[in-house]
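Morning, everyone. I'll take one model today and walk through a few parts of it. Please have the viewer open.

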Amino acid sequence: MVDIPISNDAPGGVGAELLADHMERPALDTRKYRVVKLPNQLEALLIHDEDTDKASASLDVNVGSFSDKDDMPGIAHAVEHLLFMGTEKYPKENAYNQYLTAHSGSSNAFTASTETVYYFEVAASNTPNNKKTEAPLYGALDRFAQFFVAPLFLEETLDRELKAVDSENKKNLQNDTWRLHQLNKTLSNPKHPYHHFSTGSYKTLHDEPLKRGVKIRDEFIHFYDTHYSANRMKLVVLGRESLDELQNWVEELFSEVKNKDLPRNRWDDISPYTDNELGTMVFAKPVYEMRLLDLYFPYPDEELLYESQPSRYIGHLLGHEGPGSILAYTKAKGWANALGAGPVNPCPGSAFFSVSIRLTEEGLKHYQEILKVLFQYISLLREQPPQAWVFEEMKTMAQVNFRFRQKTPASKTTNGLSQIMQKPYPRDWLLSGPSLLRKFDPDAITKGLSYLRPDNFRITIVSQDYPGDWDQKEKWYGTQYKVDQIPSDTLKSLQEAYASTPASRPAELHLPEKNDFIPSRLEVEKKDVDEPLVAPKLIRNDDSVRTWWKKDDQFWVPKAFLHITLRTPIPHITPRCAVIAQMYGELVQDELNEYSYAAEIAGLEYSLSTRSVGIDLSIAGYNDKMHVLLDKVLLCMRDLNVREDRFNINKERLQRNYRNWEFQQPYQQVNSFTRWLNSERGWTNEEYAAELPHVTADDVRTFKPQMLQQCHIELLAHGNLYKEDALNFTKLVERTLRPRTLPPSQWPVRRSLIFPPGCNYVYERTLRDPANINHCIEYTLYIGQTTDRALCARLLLFSQCTDEPAFNVLRTNEQLGYVVFSGTSVNNTWMGYRILVQSEKNPEFLEQRIDAFLEGFGKTLVEMTEAQFEKLKISLITRRLEKLKNLGQEMVRFAGHIISERYDFEQVDHDVANLQPLTLADIRAFYDHYIAPTSPHRSKLSVHLLAQSSPAAIAETMSDEEQSAKLFDAMSKFVTAHGITPNLEKLASRFNDVDVKHGDKPAIVAAVRSYLSQDERVVEPKLTEIVTQGEALLSTVLPSLGIEPAPTEAEKAAMQDAEKKMVHGDAKEADERGHVPVQGNGTVPVKIVDVHAWKAERTVAPGARAVKDLSEFEEGAAKL
C-alpha cells in the first residue's frame, strides 16, 4: 500500500477546484489520479493509465427509485432508458451505441434506490489535446455528456422504451430474488421510499397515467429537470491521456450540465421498519423449491464510521462457518446448509442488519430452535467485550487484499468508483475507504450489537410447503404470503436465549479459533521481462501425468492458481454415473466446509466439479498455504466417509437444484439444449433428475474408488510458484490418490455433430414453469470447425458487424423482448452464429423476424462502404488484442485452452493474423454462403422454448365462443369504468364482423370507437382518450384470453420502418401482419422429435486435438 503524490503538475484546466492529487492505493497500482470539482459542483475523478487498452467513463447521479412519484413507480428507471434515445447535439437515437461499437466499445446503465449509474468503455488511444476529435474517448465523452446537458426524450421513442422497461420487469416476475425483495419492501413502512416498486411497468408508466390524463413525456422531462443536477453527479474518467488533458475534456464537455444546488438525497428521520412491522412473521411461497429463514433488525446507518465499520465485525462472527459458529452447530443438527449476515443500507440515513439461513427439511421444522441458537450466540458476543484479536485478523486480511489488489477492466473500475464517490470518504481514500479497517472501536461494536434484540426484528420464512395457508398476494409480483405476529411464547423463549449464560447455552457455541491460513509469506520475485510468455511450459509429460507451469511474469502478486483434471470416462458414462459423481463432489465439499472456511476468509478457495472428461479440482488465492489446503482436499477425496445423514441432506438439496433448473429464465436454459443437440453424447437436466431418486449412499461409496483408481492427471500451476512447487503439487496428487495409469486409448473424446448443408431443424420444448409468460428462441447457423482459422476469423468479423444492428432492430425498434443477443457459438470443435431472443411473442414469429433481420442485413452489407467496414474490423482486432488485466484472467485463458484439449495458447495472434487481410467482399461472400436465408448451403438449428401461459397454450383450454364472450365482457366493463352504462345489444352488434380469434386489434378498437361515437355520442377529446386507453388495455386482455394480438398499424409501420432501414428503402410489400416476407431457400423446417434417432443420422466431427505437438511446449523448445 502506498500513499504518495501522483502528479506535481498544475491542474490542466481553469476554474476547477482541486480536491485531491494523490491517492492511497495498492502497491502495484501505477495509475495516476486527480479529483476535481467543476464550477457547477460536478465532481470528477480523473485516472491516467498509460498501459490501458480500454478507456472508460461512468457517471453516478444521486437519484434513483426512492425518488419515484408515488403514482408513477418506475419513472427513474424509465428516464434512465430514455436518456439513450438521442440528444440535441446527437439526435439520432442510436448514435451513441453506433459510435461505441465502431470503437470497440459498449455501454450500460442501471437504476438503484438512490442512484442511477451510466457507463461506457471504448478503445484507448494516445491522442494529443490538439487532435482530441480523433480520440475515441473524447468522441464518446462528447456524446455521453449530452445525456446530462440536453436529452430529447423523443416522443416516438417513448412507447418503445416503456415496453422495454415492461419486458425487463416481466423477465423478473418469476425470479425469487426479485419477488422476495419486493415482498420485503411492500411489507415495510409505507411512508418510507423503501416501500416503492422500483422497476416500473407499462401499466404504471403508461396505462394508468394516461387514465389520469397525464402527459407522460412531460412527466419524464419534469422528473429529469427536478432531480438531475450537476452537484448530485460524480464522474470518473479513465484513459491513456494525461491528467491535464482529461481534465480539459471534462471541463469542456461537462461544465454545461446545470447545477440546481439540490441537497443530497437522505432519509434520516424515517425508518423502513416501524412498530407495525416489527414483531411480525412473514410466510412467503417461492417459485423455486427453497427454504429460508431471514431476520431483519433495524440498525443505524454507519456511513460515517468507515474507519471502524462495526457491522463488519458483527457480520464476520454471526456469519462465520467454522467450528463454534451458528452454522456449524445447526448444520451438525441437520437443520441448516448455509448462513449469511451483514448490514443492508437501502439509502443514506436508513439501514438494517440481516441474517439469512438456508434450511434443510428438518430445519424448517425446528426454525424456532434455530432462532434460539442465533440469540444465544448474540448473547455470547454481548457478555464479553469485542475482541481486538478478531478485529486485527480482519484488519490484516483487509490490508493484504488491498495491498495486492489487481487491476480490473476499465468500465468496472469507473463504474465502481463513481458509486464510491457518492459516499463521504476523504477524496484520497476513494480506492481504500471501503476496503480497509483502520480503527478498532469496541464501543461502536457494542452499540451495534444492542440493536440485535428479540424485540427489534422481523422474521421471513420462505417455503413452498409451510405453512400452506398463504392468504395474500403481493401487488407487483404476485407472491403468495401471510403475516402473523410472532407468538408471545416464542418471544419469551428468545428473550431467555438473549439473556443466556455460558452454563445455559450449548458448549458447541464459541468464538472462532485463530486463523492459521492468514498468509505470512508474501514475497514476490519480480524480474524484468521483455515480453510475457503467451503459454505455460510443459515440465512433465509421461503416461501418468501432464504438468503445465508458468511463473507469473507480469502481475507480480503473491497469488497462484492450480487447476487439476483427473481424466477418466467413469463420471460421464451414463446420466446415473454423472449424478453419483456429482453427489460425491457435493459430499466432499460438505465435509470440508468448516475447515475450508478459514482458508476462504484468508483469500484461498477451492472448487470441485465433474464434467464429461473427468473430475476438476481448482485452488486459487495466496500461494503461501496453498499446499496445506490441497493436501486436505485430496485426503478428503480419497478417504471420504459417506454418512447417511449428510448424504440424505445433500441428496435432497441436489434434487431441489435439478427441479429448480426448470424454473430458470428461458434464456438461461435454451443454450443447454442447443449444446446437447450438437454434441455426440450428453445428458439433459431431466435425465439427471430422473436418476437421482435411485442413488443411495452405498452407490457413492462403491463408485468413489472406481472413479479414482485409474485416471490420467493433468495439472496447471500458474502464478507466484516455482517449477519445483508445480512438480511437488503433482507429486502430492499422485502420492495421495495413487491412481493407476489410464491409457490414452481410454481417454474420453468429445465430438460434435456436423449439420448438412441446407438443413433446417427445429427442436421444441415446453417450459415447466406454468406462470412464466416468456418464450425463447436460440437460432443457430452451423458454420464449421474451430480448426479452420480462416473461417473462424470470418465468423468473428461477421458477428462484430451484426452486433449493434441486431440489438437495435430486434430489441430497440421491434421491441421483441428485453433479452436479445447475437454472436458466435462454440461447443467442442463446433462453431456457429446465433441469435437469442426471449419474448412474449411466440418462437415461430421470432424466427420470422430473425430471418427478416438477416435478409435485411445482407442489403446493409451491399451498401456498406469500405471505410465503414475497416472501422468495424479495426474495432474487432483492437478487442481481440486487449491486454489481460490480472492473474485470474490469464489463468482462465490458460485453463480454457487446456480444458479444450487444443492447447491453442496463441489463438489471439492467429485470429488477428487471419482478420487483418479480410475484405468486405470476403464477408459478403461469407454471408451469402452461410447466413443468407436464401442460401441453399446454410445449416440451421432453432431451439424453441414454449411458455405454458402463452396465448397458444391458453387457447387450447378455451373455445372461440368463450374467448368472444370474455372479450365482450371486458370491453363492457371498460366502458362502464368511464361512467357510461353500455347498451349491451348495440355494443354486441358492433362486434359482429370482428375477427376476435385472430386478434384483430385494429378492428376491435374500431368497433369500440364506433360504438362510443355513434351509439353513445361521445365527442372529442374524450373519445380519443378512452379509445387510446382501451387499445393499451387490449395488449394485456387478448393474451390473457389465449389470443395473439395482430399488430396495430403503428406496430406494422415500426417493423416495416426497421426493415426499410436495414435494406435502405428496398423493402418488399408487407403481408397482412405487417411483415416483409423473406425469400427462403426452399427448405421445410424439420421438427426433431426423437433426438436419439436424429443424432444417429448425423455425421460426427473429429474430436479436439492439440494444434501442435506438445513437445514444442516443453522446456528447451523454441520460445513461443
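Start at Val-579. Leaving aside neighbours within four places in sequence, Val-579 contacts Tyr-658, Tyr-688, Glu-691, Leu-692 and Val-695. Keep in mind that this is a predicted model.

Where does Val-579 sit? It belongs to helix H17, residues 575–601. Buried or exposed? Val-579 is buried, because its relative accessible area is 0%, and the cut-off for buried is under 20%. For scale, take Leu-339. That residue is 240 residues from Val-579 in sequence, and the two C-alpha atoms are 26 Å apart.

Now the helix partner. H17 packs with helix H19, residues 644–661. The angle is about 120 degrees, and the axes are 10 Å apart. Why call this pair oblique? Roughly perpendicular covers 65 to 115 degrees and roughly antiparallel starts over 145, so at about 120 degrees H17 and H19 are oblique to each other. Their crossing is right-handed.

Who makes the contact? From H17, Val-579, Gln-582, Met-583, Glu-586, Leu-587 and Asp-590. From H19, Arg-646, Phe-647, Asn-650, Lys-651, Arg-653, Leu-654 and Tyr-658. By class, that contact has six nonpolar, two polar and five charged residues. Note that Val-579 and Tyr-658 are both in this contact.

E7 and E8, residues 116–123, run antiparallel and are joined by six bridges. Thr-111 is opposite Thr-116 of E8.

Two helices lie across this part of the sheet.

How many residues of H3 are buried? 10 of its 10. Among them are Pro-136, Tyr-138, Asp-142, Arg-143 and Phe-144. So what do they pack against? The buried residues of H3 pack against E6, E8 and E9, plus H2 and helix H8, residues 243–254.

That's the tour. Happy to take questions.

Conventions
Residues are numbered from 1 along each chain as its sequence is written. This is a predicted model: local features need pLDDT of at least 70, side-chain atom pairs count only at pLDDT 80 or more; totals for chains, interfaces and linings use all residues. Side-chain values use heavy atoms; hydrogens and water are left out. Two strands pair if DSSP finds at least two bridges between them. Helices (H or I, at least four residues) and strands (E, at least two) are DSSP runs, numbered from the N terminus. Buried means under 20% relative accessible area, exposed over 50%, partly exposed in between (1.4 Å probe, protein chains only). Contact means heavy atoms within 4.5 Å. Axes are lines fitted to C-alpha atoms, for helices over the stretch in contact, and angles run from 0 to 180 degrees between N-to-C directions. Angles under 35 degrees count as roughly parallel, over 145 as roughly antiparallel, 65 to 115 as roughly perpendicular and the rest as oblique. A crossing is left-handed if the near helix is turned anticlockwise from the far one by less than a right angle, and right-handed if clockwise. Ala, Val, Leu, Ile, Met, Phe, Trp, Tyr, Cys and Pro count as nonpolar, Asp, Glu, Lys and Arg as charged, and the others, Gly among them, as polar.
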